[in-house]
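Biologist: Please show me how to read a model like this one, feature by feature.

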Amino acid sequence: MTEILLYGIIGDSFDHLDAATVTEAIRASTGPLTVRINSAGGYVMEGLAIIQALRAYQGKVTIYIDGLAASMASAIAMVGDETIMAESGLMMVHKPWDSSIGNADDLRRDAAKLDRIEAQLIGIYAKRTGLPEGELAKMLAAETWMTPEEALAKRFVTSIAAPLQIAAMAKATGFGFRHLPDCLKQQDNTMTTESTDTTQAVALERTRISTIMALGTRHRVPEAVTQDLITRGVELSLARAAILDHLATEGDRLNIGHTNPASSGGHVTLDNPATYGAAIKSALVSKIGGTAAEGPAAEFNGMSVVDLARDFLARGGARDVHRIAPDRVISLAMAPSAGRGGRGGRWGLGSAAITHTTDDFPDLVGGAAETYLIDRYKRQQSALKLLARKRNRTDFRVQNGVQVGGFGSLDRVGEGGEFKNKTISTRKEGWKIDTYGNIFNVTRQMLVNDHLGALADILTAMAGAAADVEANILAALINSAPKMADGIPVFDARHNNLADSGTPPTVLSLDAGRMAMRQQKDLDGVGLIDANPKFLLVPVGLQTSAETLIASASIPSTQATGSGASAGVAYTGDVANPFAGKLTPIADPRLTNPTAWYLFADPEFSPSLEYGYLDGNEAPFTDSKEGWTVDGTEYKVRHDFGAGWMDYRMAWKNPGA
């Protein structure tokens, strides 16, 4: 026996319910065939092909309506030798509908087509039910929803599935059920064996929970919905009804109905304005990057920018866009408010233009460019940002960070003792946000020629420029070692964060730097900071040697003299490398001293540097305006960024050999 699940949108390739896939599965089946339905409907022509394949099947066809059989799914349910409906299922029949654009003749032709489709559907329902066509026509016009009992009474189904048989049990109220049936309450005292009560109660609760979870997984219901039903102790029949209600509501939200992918332009959810706009933008992003679009945007694969603009204008109510020359199409689409009855109206779009997306076409092009720009920007991030803590700002003023000193450890408070005040001294270091940016143009020629590869090159360069701004600022702070609030440069012997003499990175020199950082004290010299190094920053000339050193599990004994209490200890042979895997090496070509190298503590706990963005905009931002001197649209890239030193004690410098 073969079982086919029609759980999703009929005819939708994303749900693998397109006619080609389903009919192939039907023809490949042998013996009795079971079809299980839980669907809000879908495409008429795809559904009719599935119906024909089921009618032609040589074996017995049994159809189970597990949840919802609405719209086209209800028509498919009519062709089973048996149609069995779950006790908590729902069925809905209605008139077919579709979207239509054109003049009066076009609309009349589309209306006639829908009339023919409705007649086909009525014929399918009549063959199963035996109801008069006039009565069925009224049911479709009224959008009739039926319970299992109503569907059986009108012969839309042949039977109703037997309800879950629940054994009687005693003391069920002790398990926290909130909607316990009266019959179980009355039987509470009819059983006397406590072990039997407990076993049956646990079994019933396990069945309830597992069934709700299975229904949620099968029907793609959000986990929050099923978990709420489980937590509130909703009994199984009511939980099934709640899940069906959720599915029906979701179907209404997605405007699921009778449409044909060949005539409607693709996935049914593209009727949703937000989904359509997001799909157009995603398709443009894919064209910029030279990749195939996925998800709803896959509908637009193979289409040029001009094709996308035509589709956009047509959905917005433009007339005869297929007759307009490509350059004119781009001019109309890139005009602000095109397709929304705004400025585009003067180009013949008409006052009846339909709002089909929350953005104009220039917004979608700009949004696609911004998405690609941000993606490239993230791929070119400088590793120097790992050394600093992110702290965003809300304005462009210098903001100071307060560092606390002179606190040390908490004082011991004896029995009945008093808590003493401690003086907290502070020192301020600050930095501010600055704005960086440039303008690039998306020309009319670029769009007409479908040449978005050139735009990709521009955006990649812009993204690199934004990332370069950040890296240059951070590198300049390290190279210049500016004076702190105490008037002393960041790296200075008076700060105890500068090696006495320069050496290359070795176990011994790393040990000296680590010991210096861990012995740093707070501002008043009271408490230990104990800043452990996490990053080893080197110029690119030392990158290989630094990475080799950190990656080596052992070192020659001649490099392990040690320091402090271990100084002078004699080792023989190779010994374990104490820094193996404990430091992250970072190399940057912007470091101007070819031999100097640095240690930095973890900025999450011990920040030496800080950086940030304005209002949390952590990537370049784009804005646009219609070009006047340029035949196209101008897009401005703006990046608000700043960085500064906060604490010298969390970093250490060796001037190098």
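Modeller: Helices (H or I, at least four residues) and strands (E, at least two) are DSSP runs, numbered from the N terminus. Buried means under 20% relative accessible area, exposed means over 50%, and partly exposed lies in between (1.4 Å probe, protein chains only). Cover is judged by contact, meaning heavy atoms within 4.5 Å.

Biologist: What should I know about the model itself?

Modeller: It is a predicted model, in which local features need pLDDT of at least 70 and side-chain atom pairs count only at pLDDT 80 or more, while totals for chains, interfaces and linings use all residues. Residues are numbered from 1 along each chain as its sequence is written, and side-chain values use heavy atoms, with hydrogens and water left out.

Biologist: How many helices and strands does the protein chain have, and what share of its residues count as buried?

Modeller: The protein chain has 19 helices and 20 strands. Of its 657 residues, 46% count as buried. Among contacts with a separation of 6 or more, 72% join residues 24 or more positions apart. The protein chain exposes about 31,900 Å², of which carbon and sulfur atoms supply 52%; the area comes from the Shrake-Rupley method with a 1.4 Å probe.

Biologist: How many residues does helix 12 have, and what does it reach from its first C-alpha to its last?

Modeller: The expected span of a helix is 1.5 Å times one less than its number of residues. Helix 12 (residues 273–289) has 17 residues and reaches 24 Å, close to the 24 Å expected. Its buried residues are Tyr276, Gly277, Ala279, Ile280, Ala283, Leu284, Val285, Ser286 and Ile288. Just after helix 12, glycine 290 takes a positive phi of about 75°.

Biologist: Which C-alpha atom is 4.3 Å from that of alanine 279?

Modeller: That of alanine 297, 18 residues apart along the chain. Alanine 279 is in helix 12 and counts as buried at 3% relative accessibility.

Biologist: At what angle do helix 12 and helix 17 pack?

Modeller: Two packed helices are described by the angle between their axes and the distance between the axes. Here the angle is about 85°, with the axes 7 Å apart. That makes helix 12 roughly perpendicular to helix 17. In this contact, Leu284, Lys287 and Ile288 in helix 12 meet Leu452, Leu455, Ala456 and Leu459 in helix 17.

The axes are lines fitted to C-alpha atoms, for helices over the stretch in contact, and angles run from 0 to 180 degrees between N-to-C directions. Angles under 35 degrees count as roughly parallel, over 145 as roughly antiparallel, 65 to 115 as roughly perpendicular and the rest as oblique.

Biologist: Why is helix 13 largely enclosed by the rest of the structure?

Modeller: Helix 13 is described as largely enclosed because nine of its 11 residues are buried.

Biologist: Is glutamate 470 buried or exposed, and what does its side chain make a polar contact with?

Modeller: Glutamate 470, in helix 17, is buried, with a relative accessible area of 1%. Its side chain makes a polar contact with the side chain of tyrosine 613 (3.0 Å). A polar contact is a pair of N or O atoms within 3.5 Å; within protein, one must be able to donate a hydrogen and the other to accept it, and residues adjacent in sequence count only if both atoms are side-chain atoms. Leaving out residues up to four places away in sequence, glutamate 470 touches Tyr377, Gln381, Lys385, Tyr613, His639 and Phe641.

Biologist: What does the side chain of threonine 144 reach?

Modeller: The backbone oxygen of methionine 139, at 2.8 Å. Threonine 144 is in strand 6 (residues 144–146) and is buried, with a relative accessible area of 18%.

Biologist: What phi does serine 71 have, and what phi does aspartate 530 have?

Modeller: Most residues other than glycine have a negative phi. Serine 71 has a positive phi of about 55°, and aspartate 530 also has a positive phi of about 55°. Serine 71 lies in the loop between strand 3 (61–70) and helix 3 (72–76) and counts as buried at 1% relative accessibility. Aspartate 530 lies in the loop between helix 18 (507–518) and strand 12 (533–538) and counts as partly exposed at 37%.
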